[in-house]
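Welcome! Have a look at the picture, then read on.

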Amino acid sequence: MGGLSANQRSPGAIPTYLWIVEPASAGTITDPTLPNTNFTAAREGTARFVLTASDGLFQVISFCETQIGSSGVEVSMSASSSTVAIGDTMTLTCSSTGSVDVETFVIDQVQGASIQLNQVSPTSVSFTPAIEGVPRFRCIGQAVNGDASDAVFVNITVTAEPTGDDDGVVRR
């Protein structure tokens, strides 16, 4: 549920209001005759709100549009593993999962000791960590029309560098 407000200034005589949502299937307006009311969405998509305000002498029609729910731009991010040893290489890959194809992906690090990310492809980066920790990475996709996805995150556990032994067994 979201609020709708006429933001009236100098309402004049006895003002009347009428809110309309287009398309009507987008949802319902609690009381469309109040200057401040609520809207309850019924489905995802674009909704246009039209407000007609009148004081008997003058009439003003205003409108605005909003996106309800997903814009159809959705992404997921995967890692070649959930853990990586210091000095080993890890790959992170983003992919488009929504109804709208993603044109560009941004993969960056948002938490932990700074790690150099190397672009492998338009959808992938790789990195080789130098210290232990749990860095957090983010992917955001953008469609041709400029709509962006919500961010998705992956945490990777970086462990101490494994050491080899003459018997061929790797020990930590």
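## Starting at Ser54

Ser54 is found in strand E5. Strands here are DSSP runs of E with at least two residues, helices are runs of H or I with at least four, and both are numbered from the N terminus. Please keep in mind that this is a predicted model, in which local features need pLDDT of at least 70 and side-chain atom pairs count only at pLDDT 80 or more, while totals for chains, interfaces and linings use all residues. Residues are numbered from 1 along each chain as its sequence is written, and side-chain values use heavy atoms, with hydrogens and water left out.

The side chain of Ser54 reaches the backbone oxygen of Phe58 at 3.3 Å. Not counting residues up to four places away in sequence, Ser54 touches Ile14, Pro15, Thr16 and Gln59; contact means heavy atoms within 4.5 Å.

## Gln59, across from Ser54

Gln59 has its place in strand E6. Leaving aside neighbours within four places in sequence, Gln59 is in contact with Thr52, Ala53 and Ser54. Gln59 and Tyr17 are 42 residues apart in sequence, and their C-alpha atoms are 9.8 Å apart in space.

Is Gln59 buried or exposed? Gln59 counts as exposed because its relative accessible area is 52%; buried means under 20%, exposed over 50%, and partly exposed in between, using a 1.4 Å probe and protein chains only. Cys64 has a value of 39%, so Cys64 is partly exposed.

Strand E5 covers residues 45–54 and strand E6 covers residues 59–68; the two pair in the antiparallel sense over ten bridges. Two strands pair if DSSP finds at least two bridges between them. Within this pairing, Thr46 stands opposite Gln67 in E6.

E5 and E6 form a hairpin with four residues between them. In the turn, Gly56 has a positive phi of about 95 degrees.

## A four-strand sheet

Further along, you can find an open sheet of four strands in the order E7-E9-E12-E11, with antiparallel pairing. Its edge strands are E7 (75–79) and E11 (118–121), each of which pairs on one side only. From one strand to the next, the twist averages 25 degrees; for such angles, axes are lines fitted to C-alpha atoms (for helices over the stretch in contact), and angles run from 0 to 180 degrees between N-to-C directions.

E11 and strand E12 (residues 124–127) run antiparallel and are joined by three bridges. Here Asn118 stands opposite Ser126 in E12.

## The disulfide

How many disulfides does the structure hold? The structure holds one disulfide, a term for a pair of cysteine sulfur atoms within 2.5 Å. This disulfide joins Cys94 to Cys139, with an S to S distance of 2.1 Å. The pair links distant parts of the chain, 45 residues apart: Cys94 lies in strand E9 (residues 90–96) and Cys139 in strand E13 (residues 136–142). Both Cys94 and Cys139 are buried.

## The whole protein

Stepping back, the protein has zero helices and 17 strands. Buried residues make up 27% of its 172 residues. Among contacts between residues at least 6 apart in sequence, 52% join residues at least 24 apart.

The protein exposes about 10400 Å², and carbon and sulfur atoms supply 51% of that area. Accessible areas come from the Shrake-Rupley method with a 1.4 Å probe, and for residues only the protein chains shown count as cover.

Notes. A polar contact is a pair of N or O atoms within 3.5 Å; within protein, one must be able to donate a hydrogen and the other to accept it, and residues adjacent in sequence count only if both atoms are side-chain atoms.
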